[in-house]
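Colleague: I'd like to learn how to read this model. Can we take it feature by feature?

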Amino acid sequence: MQRRGFLAAGMAGAGAMAFGSVWSQASPPNFGMATPANPGFRSVKVGSLEVFALQDGISRRPLGEEFVTNAPLDQVKALLASQALPTDYVDIPYTPFLVVDGGTRYLIDTGFADNGPAGTGRLRTHLAAAGFKPEDIQHVIISHYHGDHINGLRLRDGSLAFPNAKVHVSAPEHAFWMDDARMEAAPPAARGGFMAARRVFGSLPRERLVPFEPGAEVAPGIRSVAAFGHTPGMSAFTVRSQGQSFTYVADVTNVPSLFARNPDWSVTFDMNADQARQTRRRIFDMLAKEKSLAGGFHFPFPAFGTIEAAGNGFAFKPLAEG
Ligand SMILES: [Zn+2]
């Protein structure tokens, strides 16, 4: 059962996220604040490359009927309870990744910078803790245009957060969000996502914006993987070196405790729920078979781990500490 229509749900979600309102309204003090990861970054070797997970923050969102659009709330709560997780709220982390290839640095997705809700905007601090300055980033690679993934490209004052970086974007994703006619036709509540895309990309010099077709190699050793459904042109990325690989799934699932365990459930932010469901099963099947390292933007810290088949779905096994 779909409680909400295709674009309405996803775009309202995206629009609200662009300005943080859904999240700030959604964090009443009675649930407290989520505990940020400490030290806030984790690195793993993938062949000759080093990959960092860098937490931008966490939002604590009260769990309501709307979050999983096609399952009753009591079933959603039961699945959380079975994993010894709280059932009144969901902690949603935001985790960009950094791929370091010698002197070349690729940041994948950006978090919020200073445009987001309380408890976010820590990427810069965690980047510094890992030994990097924003000026060191030569490439930013964007999975999709929801606000938590793109808003950190520009500070609130309009300046570029990574002043030396080229920005690699999925061509169909860019085409969708930058289409003025589509923005005009969207209901007012859904315009925020389009406006966020314009704020971030609108005045980016042409030579700084590098579109790729999902499926293509974005950089040496970094291949994009079409992962449409959550948004029209979302891309995942597989990083390979010396026979090892790491796949960043972006928002193929939101929190894995719900949407890996039950891949047929849809989060309210999935813009095309059916397509997102097929993509989720295809990519998680692949990761479970390969037993390769995986990471996701909304995975619990360290956000790195493996995907294993479990029941009718999958389980995310985080890397051990250390
Ligand atoms: Zn997201």
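Colleague: How many helices and strands does the secondary structure of the protein come to?

Modeller: First, the ground rules. This is a predicted model, where local features need pLDDT of at least 70, side-chain atom pairs count only at pLDDT 80 or more, and totals for chains, interfaces and linings use all residues. Residues are numbered from 1 along each chain as its sequence is written, and side-chain values use heavy atoms, with hydrogens and water left out. Helices (H or I, at least four residues) and strands (E, at least two) are DSSP runs, numbered from the N terminus. Here there are ten helices and 16 strands.

Colleague: Which residues coordinate the zinc ion?

Modeller: Donors are N, O and S atoms within 2.8 Å of the metal (3.2 Å for Na, K and Ca); water is not among the atoms, so sites may look incomplete. In this model the zinc ion has Asp148 (OD), His149 (NE2), Asp251 (OD) and His298 (NE2), at 2.0 to 2.6 Å. Their spacing along the chain is D-H-x101-D-x46-H.

Colleague: Which parts does the histidine pair tie together?

Modeller: Histidine 149 sits in helix α5 (residues 147–150), and histidine 298 in the loop between β14 (293–295) and β15 (304–310), so the pair links parts 149 residues apart in sequence.

Colleague: Is histidine 149 buried or exposed?

Modeller: Buried means under 20% relative accessible area, exposed over 50%, partly exposed in between (1.4 Å probe, protein chains only). Histidine 149 has 0% relative accessibility, so it counts as buried. Histidine 298, at 2%, counts as buried too. Across the protein, buried residues make up 58% of the 322 residues.
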